[in-house]
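Have the sequence and the model open as you read.

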Amino acid sequence: MTQSTLPIKPLTIGIVAGEVSGDALGADFMQQMNAIHPNIRWVGVGGVQMAAQGLHSVIELSRLSVMGLVEVVKHLPDLLRAKKEILTAFDDAKIDVFVGIDAPDFNLRLGKVLKPSGVYCVQYVSPSVWAWRENRIHGIKAATDLVLCLFPFELGVYAKHQHPAVCVGHPLLAKLSADTRSLSDKRTELMTALPQYPYLARLLAAKQVICLMAGSRTSEIDAILPLLIDSAKLLANQQANCQFILPVVSQAHSELVQAYCQTHASELVDSIHIVHNDGQFSYTSSLGLSQACMNISDVVLLASGTATLECLLLERPMVVVYKVSAITYAIAKRLVKIPYVSLPNILSHQQIGQAIVPELIQADATAMAVSEQAQMILADTSKQTALLHQTAMTLRADSHTNPAQAVLDEFFKHKAVKQYDIG
């Protein structure tokens, strides 16, 4: 039997995503890994997208989707139980590699247990040590063998502390780019892709379409939705023929948002269009539903998070809001050493030394302030669009490495064992 005909030993990978955005990132990573190594067993925590790539989930993703320091404390007993259940499953599966997808507070704790036992540990998405608490690098080194960074400016701190790290770029870079078609054409396409929402025809006659995005977690919706709805009411009074589209991630979130709108914004019942992907969504440009909603909008009002990067790459004007509990914000404010919270501004600050999108944080995040910023953008969208384009192009130029190949290369180099031959 020749080397080329030897059976390829299964590679068992434990992988944990902590939220919906992590599920998408994890699924993309798994797809790339499966394409390179044909015999991988996946076990861990993820959502629908990771399951489609072959993940055997050991607990529900929702158990880890907790935002904010105060909120984590409230859910701490179940998080500790979840950690124990995951580690038991990994031990039973005898995993070779552990990949934590974002959620560093949880995943690094797993890594600190797994790395000393001989598991090769990877953190995909660097903790924000470049932004606050750089001394966390010592904990990262104890919990990981390799860090996959999404942005080039993150590498400096790892080089400084001599820990393996590579910039792989964000997978969204390969999926999203500016759509040069007219807004009218894009709105027609979205309406066709969502026949279950016939009232979206109102978007075609609208002078402006504004996308409202409160986040993918219930805690984010509770914190951000009231602000966005109040902002929409002001904008509806100040902008003639204005329509709103509000994408959510599930039927449960749709019902939650609908109930809130009926109670607090009944006057906008014909202007706010709540949509979710119930399996019938088929958009020809391969965008996800929330991305398609951004793509057809004149301006997007959204919570800080991954969605701001999506908006940047689509080059759609935006206003970013950020609200958490008072205690969480007070602690974070003392620790964070960078002036911005949104990815477009963090990236542009590194590139050109200035912010490119409005950020309204905590007490500054009022309905009046949001509506005023939105109106200024609507008066001339070209200025912000040009800055978004410049920032996106620079980011693309600096991001090249394939994350799956980086992990496999470093793992086999680290282990130096031939029984995992990948041909």
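How many residues does helix α17 have, and how far does it reach from its first C-alpha to its last? Helix α17 (residues 367–379) has 13 residues and reaches 18 Å, close to the 18 Å expected at 1.5 Å a residue; the expected span is 1.5 Å times one less than the number of residues. This is a predicted model, where local features need pLDDT of at least 70, side-chain atom pairs count only at pLDDT 80 or more, and totals for chains, interfaces and linings use all residues. Residues are numbered from 1 along each chain as its sequence is written, and side-chain values use heavy atoms, with hydrogens and water left out.

**Helix α17**
- Its buried residues (under 20% relative accessible area, 1.4 Å probe, protein chains only) include Val-370, Ala-374, Ile-377 and Leu-378.
- Among the elements that cover these buried residues are β8 (208–213), α11 (218–238) and α18 (381–397).

**The open sheet**
- Seven strands, in the order β3-β2-β1-β4-β5-β6-β7, form an open sheet with parallel pairing; two strands pair if DSSP finds at least two bridges between them.
- At the edges, β3 (55–57) and β7 (165–167) each pair on one side only.
- Strands β1 (residues 11–17) and β4 (residues 97–101) run parallel and are joined by five bridges.
- Ile-15 stands opposite Val-99 in β4.

**Cavities**
- The whole structure holds two cavities of 30 Å³ or more, a cavity being a set of points on a 1 Å grid where a 1.4 Å probe fits but cannot get out.
- The largest cavity has a volume of about 40 Å³.
- Its lining residues (an atom within 4 Å of a point) include Phe-98, Leu-108 and Cys-121.

Terms used. Helices (H or I, at least four residues) and strands (E, at least two) are DSSP runs, numbered from the N terminus. Buried means under 20% relative accessible area, exposed over 50%, partly exposed in between (1.4 Å probe, protein chains only). Contact means heavy atoms within 4.5 Å. On a 1 Å grid over the protein atoms alone, a cavity is a set of points where a 1.4 Å probe fits but cannot get out, and a pocket is an open set with protein on both sides within 12 Å along at least five of seven lines; lining residues have an atom within 4 Å of a point. Grid points are joined across faces, edges and corners, and a volume is the space filled by probe spheres set on the points.
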